[in-house]
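Open the model in your viewer and keep the selection tool at hand. The stops below say what to select next and what is there.

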Amino acid sequence: MGVPLLALALDGWLGEPPAAWHPVVWMGRALQWWGLRLAPPAPVAQDFKQFWLAALIWCALTAIVLVVSWAAQQLALMLPALLAAALLALWLKPLLAWRMLRDEVLAVEVALGQSLPAGRAQLSRLVSRDVSGLSADAVRESAIESLAENLNDSVVAPLFWFALLGLPGAALYRFANTADAMWGYPGMRGGRYWQWAGKWAARADDVLSWVPARITALLLALSARGLPLRALARQARKTPSPNSGWPMAAMALALGVRLAKPGVYTLNSKGRTAGPLDTRRAARLCGQVVVSVVPLVAAIQLLIAVAVFWGRP
């Protein structure tokens with residue numbers, strides 16, 4: 001419990017480290033370098049060679065991430081307990097990002113107060129979709145959706161995998177999620193065709209996010225003092241992603257608002273239109289989830305410790 005709590009405290013106090021020292025930036029640069037060499041500049045027909053080559057590169061990069069993070073963890077565990085916890089928290093912190101996520105989403109609302117183009121420009125820092133034609137309501141909805149989705153990707157999931165596998169688990173998830181964000185597109189993006197080069201990265205992130213996304217939705221439901229779980233499951237299935245719909249649907253039901261991606265899905269379609277205060281309400285709800293995930297991580301670690309103890313000969 002101490003390491004995640006200290007890592008979140010560092011996040012709230014210091015925010016993100018400089019790019020030159022940020023391990024997620026290093027992962028992104030490696031993925032970008034390989035992505036430019038794997039994905040073709042134009043659409044191609046079914047290409048399993050490209051798929052398996054991209055899968056091989058993904059696995060090789062993952063192995064590097066696991067070995068480095070495992071070595072760092074072993075180095076920390078050789079130190080006295082308090083110093084080891086501090087060092088592990090320092091290394092865990094860049095693998096999660098709550099303060100930056102909250103600040104960026106709240107900045108969308110501030111920008112909308114200035115002008116619609118300013119709101120769109122701020123939103124474009126959070127989402128990959130085209131924001132040029134979005135109304136003010138759609139900009140706000142997208143910001144709230146992004147907050148809910150990234151609450152899982154940037155906080156709950158890294159801590160969940162830290163609870164299971166330690167620092168290598170958090171690093172593994174962060175790498176897989178970054179790979180999905182950069183490679184996991186079913187068509188053209190950034191002048192490259194990702195249908196086959198990005199499929200492995202997308203499916204790997206789906207697998208690793210499956211449990212954490214549902215935990216995030218349940219924690220949002222608890223923070224909202226209860227939500228109808230059948231309605232939550234029904235709404236979550238409306239999105240193409242098997243995972244991101246869960247926290248987004250929970251947020252839509254918790255706030256009582258409609259959240260939509262034009263032409264793709266509408267969550268809680270009978271809800272009201274989100275207003276400026278809903279962005280702050282969403283940030284407060286997510287803040288409660290961040291606090292509540294720490295004892296959950298401690299409980300998972302305790303269960304693992306008990307299982308290991310009883311499993312000894």
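Select M251. Leaving out residues up to four places away in sequence, M251 touches I144, A148, L220, L259, A282, L285 and C286. Contact here means heavy atoms within 4.5 Å. This is a predicted model: local features need pLDDT of at least 70, side-chain atom pairs count only at pLDDT 80 or more, and totals for chains, interfaces and linings use all residues. Residues are numbered from 1 along each chain as its sequence is written, and side-chain values use heavy atoms, with hydrogens and water left out.

Together with M251, they touch the most other members of the largest nonpolar core, which has 94 residues. Such a core is a set of buried Ala, Val, Leu, Ile, Met, Phe, Trp, Tyr and Cys residues joined through side-chain atoms within 4.5 Å. Buried means under 20% relative accessible area, exposed over 50%, and partly exposed in between (1.4 Å probe, protein chains only). Which helix gives the largest share of this core? Select α7, residues 136–165: it supplies 15 residues. Helices (H or I, at least four residues) and strands (E, at least two) are DSSP runs, numbered from the N terminus.

Move to helix α5, residues 99–114. Its 16 residues reach 23 Å from first C-alpha to last, close to the 22 Å expected at 1.5 Å a residue. The expected span is 1.5 Å times one less than the number of residues. Colour L101, E104, V105, L106, V108, E109, A111 and L112: they are buried. The buried residues of α5 pack against α6 (116–123), α7 and α12 (276–311).

Next, helix α3, residues 48–77. Its 30 residues should span 44 Å at 1.5 Å a residue, and the end C-alpha atoms are 43 Å apart, which agrees. Zoom in on its start. A side-chain oxygen of D47 reaches to within 3.2 Å of the backbone nitrogen of K49. A polar contact is a pair of N or O atoms within 3.5 Å; within protein, one must be able to donate a hydrogen and the other to accept it, and residues adjacent in sequence count only if both atoms are side-chain atoms.

Turn to the aromatic rings. The structure holds ten aromatic pairs. Select W33 and W34: their ring centres are 5.0 Å apart and their planes at 85°, so the pair is edge-to-face. Rings of Phe, Tyr and Trp (its six-membered ring) pair if their centres lie within 6.5 Å; planes under 30 degrees apart count as stacked, over 60 as edge-to-face and the rest as tilted. W33 is partly exposed at 44% relative accessibility, and W34 is partly exposed at 30%. Then select F160 and W161. Their centres lie 5.4 Å apart with planes at 85°, so this pair is edge-to-face. F160 and W161 are both buried. For a cluster, select F51, W52, W58, F175 and W200.

Two charges come next. The charged end of K199 sits over the ring of W196, 5.3 Å from its centre. That of R214 sits over the ring of W210, at 3.8 Å. The test is NZ of Lys or CZ of Arg within 6 Å of the ring centre and within 35 degrees of the ring normal.

Finish in two loops. R225, between α9 (199–223) and α10 (229–236), has a positive phi near 65°. R225 is exposed, at 80% relative accessibility. N268, between β4 (265–267) and α12, has a positive phi of about 50°. Is N268 buried or exposed? At 14% relative accessibility, N268 counts as buried. Its side chain reaches the backbone oxygen of V257 at 3.0 Å.
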